[in-house]
Amino acid sequence: MVQAYRAEERGADRFERRSDGYRQARVRGQWLISVYFPFVQLLASLATAAVLVVGASRIENGTLTAGALVAYLLYIELFFAPVQQLSQVFDGYQQAAVSLRRIHELLRERSSTPLPEAPRPRVQAAAARSPSAVWTSATPPRTRRAPPGRARSGRSRTSI
């Protein structure tokens, strides 16, 4: 339709603007993700280091056992792992929401093809009325095959 009304340039410009906007949004989103995940990992590492330093001094003083220190380190891991998983789920949700919004925009867009002033009546093809009567070279008629292990004469292939 774009070529019929000589609107190739206008359509190409519109496509370029939209795709460039999408590209910029994805680059910005990827940049935010590339900053967020390492930041959360840094926080987890700093928390682990702090617990190790404090825990080692308390073990040295005799106020903490090695088992309790390991438990605290596991608690830190249990705290930060869901935070990262939640952010990944949220990123997937945002991408799905943007995609859904674009689908809605596409479905709401009016067609630029004008409706005919006097449409012709619809004609049904003969094949549409009786599909079993149609035979093409792509669908040959069915042939009977011998059951597996049986020759056509009725004898088994393994017998001599």
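Which helices each supply at least two residues of the lining of the second largest pocket? They are helix H1 (8–61) and helix H2 (66–108). The model is a predicted one.

**Helix arrangement**
- The axes of H1 and H2 cross at roughly 170° and come within 9 Å of each other.
- Angles over 145 degrees count as roughly antiparallel, and H1 and H2 are therefore roughly antiparallel to each other.
- In the contact of H1 with H2, the residues divide into 19 nonpolar, eight polar and three charged.

**Second largest pocket**
- The volume of the second largest pocket is about 470 Å³.
- The lining of this pocket has 18 residues, and the closest to the pocket centre are Arg26, Gly29, Asp91, Gln94 and Gln95.
- By residue class, the lining of the second largest pocket consists of eight nonpolar, five polar and five charged residues.

**Aromatic pairs**
- A pair of aromatic rings is described by the distance of the centres and the angle of the planes.
- The count of aromatic pairs comes to three.
- The rings of Tyr36 and Phe37 have centres 5.6 Å apart and planes at 70°, so this pair is edge-to-face; the cut-off for that class is over 60 degrees.
- Tyr36 has a relative accessibility of 33% and therefore counts as partly exposed, a class that lies between buried, under 20%, and exposed, over 50%.

Notes
Residues numbered from 1 in each chain as written. Predicted model: local features only at pLDDT ≥ 70, side-chain atom pairs only at ≥ 80, totals over all residues. Heavy atoms only, no water. 1 Å grid on protein atoms, 1.4 Å probe; cavity = no way out; pocket = protein on both sides within 12 Å on 5 of 7 lines; lining within 4 Å. Points joined across faces, edges and corners; volume = space filled by probe spheres on them. Helix = DSSP H or I, 4+ residues; strand = E, 2+ residues; numbered from the N terminus. Nonpolar A, V, L, I, M, F, W, Y, C, P; charged D, E, K, R; others polar. Axes fitted to C-alpha atoms, helices over the stretch in contact; angles between N-to-C directions. Parallel < 35°, antiparallel > 145°, perpendicular 65-115°, else oblique. Phe/Tyr/Trp six-rings, centres within 6.5 Å; stacked < 30°, edge-to-face > 60°. Buried < 20%, exposed > 50% of the residue type's maximum accessible area, 1.4 Å probe, protein only.
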